[in-house]
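Subject: Structure handover and findings

Hello,

Here is the structure for your files. Please open it alongside this note.

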Amino acid sequence: MKTLFENITVITMDNDAGVIKNGCAAVDGNKIKYVGTTKPEGEFDRVINGENKALIPGLINAHTHTAMTLLRGYADDMNLQDWLYNKIFPFEDKMTPEDVRRGSEIAIDEMLAGGTTCFSDMYFFQAETGRAAIQKGIRAVLSDCVNFDGYERKVKLMEEMAEEFSGSDLITFTFSPHAIYTCSFELLEKCAAYAKEHNMPIHTHLAETRTEFSDCEIEHNMTPTAYMESAGLFENPTIAAHCVVMTDSDLEILKKHNVSVAHNPISNLKLASGIAPVPKMLDMGINVALGTDGASSNNSLDMFEEIKAAALIHKGAGLDPTAVPAETALKMATINGAKALGFDNLGMIKEGYLADLVVVDLDTPHLRPIYDPISSLVYSAKCGDVEYTMVNGNIVYER
Ligand SMILES: [Zn+2]
């Protein structure tokens, strides 16, 4: 399948290419074959006229729990410990593989319609999420989350999934100890060793709340970040979700081990966990990606909202309107997400990169006029402006 996008504003997110007005992008198979200003030679199966439209890299949701769409609006306006232990965990105890399949399908439909082309999931019955992802054509990074006593069973499930999805271009894996408060130190060590042996990144929750932080200091005389480091987790490429409560030396630990942060500003606001020190992380050169977290703590999987929130909250929190500029926020949702998930050919519109692309319709009153296309996308665009979503060279959503 060959597709041509022509006469379109190409937001490459590639520092060398920038924004290309009246540009073209050609896709052959699952790769981007050309990006530029002149129309490439050759026949195309499909040509999309991009007048009044922008082409952006597919958005990457670096931290979510897709099947939690079933818990959207189930428990709101509660503190995290109460929410998790009294509402979420009891509900999840009753969920079946069929429930996870349906919840994942709802999430994937929502994500594709909002320009998300790749998500990093952490949940249970993940084979069902993988099957839903393949059926709907979205890229997924899966992990059947380890907690308490579930290690052997989860390792077996991960191995079964690796076998089942070995032929798929769309599915990769991380290994996920849930958090320091749901895993023992020995379990964290086992997870670190397993990930190392099988060359898998770690995906975990880290320093989400003040309670997690102070409990860890009381029990272990260490910060959550130092505790995870001492368990050896960061010897693997790691995606750490949240990182809200961080000391300066915690940030140094993340930097030293090249840990990627999955920033979840809306979930952190809704659960009143706080605001992660993202400007500091960015200044230090820590890779910051963006996630929605589950739909029960957000309550949507809309990455356009998340990008805008990421660009806004650090301005307000730090009384600094230059904190997290629009382009930085969009990078978090594209190239930084790709890096966090271990892709070196995703997150930019560049020759040779995977063809995960989104066409945004700019011909609408709330996007008029446009002085700076990136600013318009970050501060004014809405997920409903997404007109086409392409994953791995296939158009899987049309508005
Ligand atoms: Zn989470």
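Below is what turned up, grouped by topic.

**Ground rules**

This is a predicted model, so local features need pLDDT of at least 70 and side-chain atom pairs count only at pLDDT 80 or more, while totals for chains, interfaces and linings use all residues. Residues are numbered from 1 along each chain as its sequence is written, and side-chain values use heavy atoms, with hydrogens and water left out.

**A buried lysine**

Start with Lys-315. It sits in helix H11, residues 303–318. (Helices are DSSP runs of H or I with at least four residues, strands are E runs of at least two, and both are numbered from the N terminus.) Lys-315 is buried but has no salt bridge. Buried means under 20% relative accessible area, exposed means over 50%, and partly exposed is in between, with a 1.4 Å probe and protein chains only. A salt bridge puts a side-chain nitrogen of Lys or Arg within 4 Å of a carboxyl oxygen of Asp or Glu. The nearest side chain of opposite charge is Asp-320, 7.7 Å away. (Lys and Arg count as positive, Asp and Glu as negative; His and the chain ends are not counted.)

What does the Lys-315 side chain reach at 2.7 Å? The backbone oxygen of Ala-323. Its side chain also makes a polar contact of 3.3 Å with the side chain of Tyr-379. (A polar contact is a pair of N or O atoms within 3.5 Å; within protein, one must be able to donate a hydrogen and the other to accept it, and residues adjacent in sequence count only if both atoms are side-chain atoms.) Leaving out residues up to four places away in sequence, Lys-315 touches Asp-320, Pro-321, Ala-323, Val-324, Pro-325 and Tyr-379. Contact here means heavy atoms within 4.5 Å.

**Salt bridges**

The structure holds 21 salt bridges. A few to look at:

- Glu-6 pairs with Lys-39, with the closest N and O atoms 3.7 Å apart. The pair links distant parts of the chain: Glu-6 is in strand S1 (residues 2–11), and Lys-39 is in the loop between strand S3 (31–36) and strand S4 (46–49), 33 residues apart. Lys-39 is exposed, at 55% relative accessible area.
- Asp-109 pairs with Lys-136, with the closest N and O atoms 2.9 Å apart. Asp-109 is in helix H2 (residues 97–113) and Lys-136 in helix H3 (residues 126–136), so the pair ties together parts that are 27 residues apart in sequence. Asp-109 is partly exposed, at 41%.
- Asp-363 meets Arg-368 at 2.6 Å, N to O. Asp-363 is partly exposed at 44%, and Arg-368 is exposed at 54%.
- Arg-101, Arg-102, Glu-105, Glu-128, Arg-131 and Glu-164 are linked in a network of salt bridges.

A cis peptide bond joins Arg-368 to Pro-369, with omega about -5 degrees. Pro-369 is in the loop between strand S14 (357–361) and helix H14 (373–379). A cis bond also runs from Asn-298 to Asn-299, with omega near 0 degrees. Both asparagines are in contact with Lys-270.

His-242 has phi near 90 degrees. It lies in strand S11 (residues 238–242) and is buried, at 0%. Leu-319 has phi near 50 degrees. It lies in the loop between H11 and helix H12 (326–332) and is exposed, at 78%.

**Pocket and cavity**

The largest pocket has a volume of about 630 Å³. Its lining has 32 residues, and Phe-89, Glu-92, Tyr-123, Phe-124 and Asn-147 lie nearest its centre. Helix H1 (80–93) and helix H4 (151–164) are the elements giving two or more residues to that lining. H1 gives the largest share, 7 residues.

A search of the whole structure finds 1 cavity of 30 Å³ or more. The largest cavity has a volume of about 50 Å³. Its lining includes Pro-57, Thr-117, Met-348 and Asp-356.

On terms: the grid is 1 Å over the protein atoms alone; a cavity is a set of points where a 1.4 Å probe fits but cannot get out; a pocket is an open set with protein on both sides within 12 Å along at least five of seven lines; lining residues have an atom within 4 Å of a point. Points are joined across faces, edges and corners, and a volume is the space filled by probe spheres set on them.

Best wishes
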